[in-house]
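Please have a look at this structure before reading my notes. Keep the sequence beside it.

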Amino acid sequence: MQELVGNQIGLQNERLKMQPPNIFLNNNTQMPLIGLGTWQMKHQTCIDAVKKSLDLGYIHLDTAEVYMNESEIGQAIKDFSREKLFITSKVAPDDLDYYRVLAACEESLARLETEYLDLYLIHWPNSKMNLPEVLKAFKKLYDEGKIKAFGVSNFTINHLKETLEITNQLNLPLSVNQVEFHPRLYQKELLDFCNQNNISITAYSPLAMGLVFEDKILTKIANNHNKTAGQISLRWLLDKNLVIIPKASSEQHLKENLDLNFKLSEEETKEIDNIDESQRLINPRFAEFDY
Ligand SMILES: NC(=O)c1ccc[n+]([C@@H]2O[C@H](COP(=O)([O-])OP(=O)(O)OC[C@H]3O[C@@H](n4cnc5c(N)ncnc54)[C@H](OP(=O)(O)O)[C@@H]3O)[C@@H](O)[C@H]2O)c1
């Protein structure tokens, strides 16, 4: 399976107009394994980077209400066929009540100038939210076809357990948990839990916001393959069946992040597994929650 994914990515890189391979989510919709992260991209830089990425073959874009760039993304995708794209957005923690989730989704749709989101996530858990009510709003959006899949972000195993109890009753598939994941933060226990519960993980900050380029082990392995430390990190994540959403602005970075057709040896994979330093770069406000 992994070799197939690797080969498909290689093909995609040779013929940059080809779509990256997809995974199936637990509601039978498909999600491209590689997406473009857009946090901290704004204004014309955002429009240019998104357009460039689409020209290169990216079809999956990751945004959020709080990134304040949905309008730019809406503008950038205008000339592309909507049904070929996969767009993820996220509702802000302050909007987590029944009516505000519904309103926030409408506002994101309007800014993106689209009829639906492929994936809509709770961006961060919020200890004050009434989770059953919030999930009912997502269920309504899902039933109305305004969101094609539902997911969460920055959820711990305990958050997921609580959510699953409710979503199972609502018959609302919990398809994705988007979390920080890179060789310096190998969240194995969370990954095992998600695999057991058929929840796909999207790895955010898959390049550790640039820190992977300073890592000696990744650099040594990169030299063996004539690749960069970033490509080693991305390949390692794909090999664990994670979706990756590296943020990149330049054409060279965008291209490199698609050029992942190589194989890590078992030994190299083990070496990378052992890098883990529990180094979390983005701190969800876990302390606020009773978990
Ligand atoms: N759900 C959440 O709470 C959450 C939190 C954080 C992030 N995210 C999502 O995940 C996405 C990615 O994470 P991130 O933006 O934190 O960091 P990242 O993707 O780990 O790293 C981005 C940094 O790496 C650089 N870079 C990209 N490709 C490169 C390459 N091939 N060679 C050298 N440098 C390269 C980028 O520079 P250039 O821009 O100059 O190319 C940028 O400085 C975000 O954009 C966002 O969509 C979600």
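1. Ground rules. This is a predicted model: local features need pLDDT of at least 70, side-chain atom pairs count only at pLDDT 80 or more, and totals for chains, interfaces and linings use all residues. Residues are numbered from 1 along each chain as its sequence is written.

2. The core. The largest nonpolar core has 71 residues. Such a core is a set of buried Ala, Val, Leu, Ile, Met, Phe, Trp, Tyr and Cys residues joined through C-beta atoms within 7 Å. Tyr120, Phe138 and Ile244 touch the most other members. Helix α9 (residues 229-239) gives the most to this core, six residues. Helices are DSSP runs (H or I, at least four residues), numbered from the N terminus.

3. Ala104. This residue sits in helix α4 (residues 98-112). Ala104 counts as buried because it has 20 C-beta neighbours inside 10 Å. The cut-offs: buried is 20 or more other C-beta atoms within 10 Å, exposed is 12 or fewer, and partly exposed is in between, with C-beta atoms placed from the backbone. Ala104 and Tyr204 are 100 residues apart in sequence and 22 Å apart in space, C-alpha to C-alpha.

4. Phe138. Leaving aside neighbours within four places in sequence, Phe138 is in contact (C-beta atoms, placed from the backbone, within 7 Å) with Val101, Tyr120, Phe150 and Leu172.

5. The ligand. The shell has 28 residues, and the closest are Gly37, Trp39, Tyr204, Leu207 and Lys247.

Methods:
Helices (H or I, at least four residues) and strands (E, at least two) are DSSP runs, numbered from the N terminus. Two residues are in contact if their C-beta atoms, placed from the backbone, lie within 7 Å. A residue is near a molecule or strand if its C-beta atom, placed from the backbone, lies within 6 Å of it.
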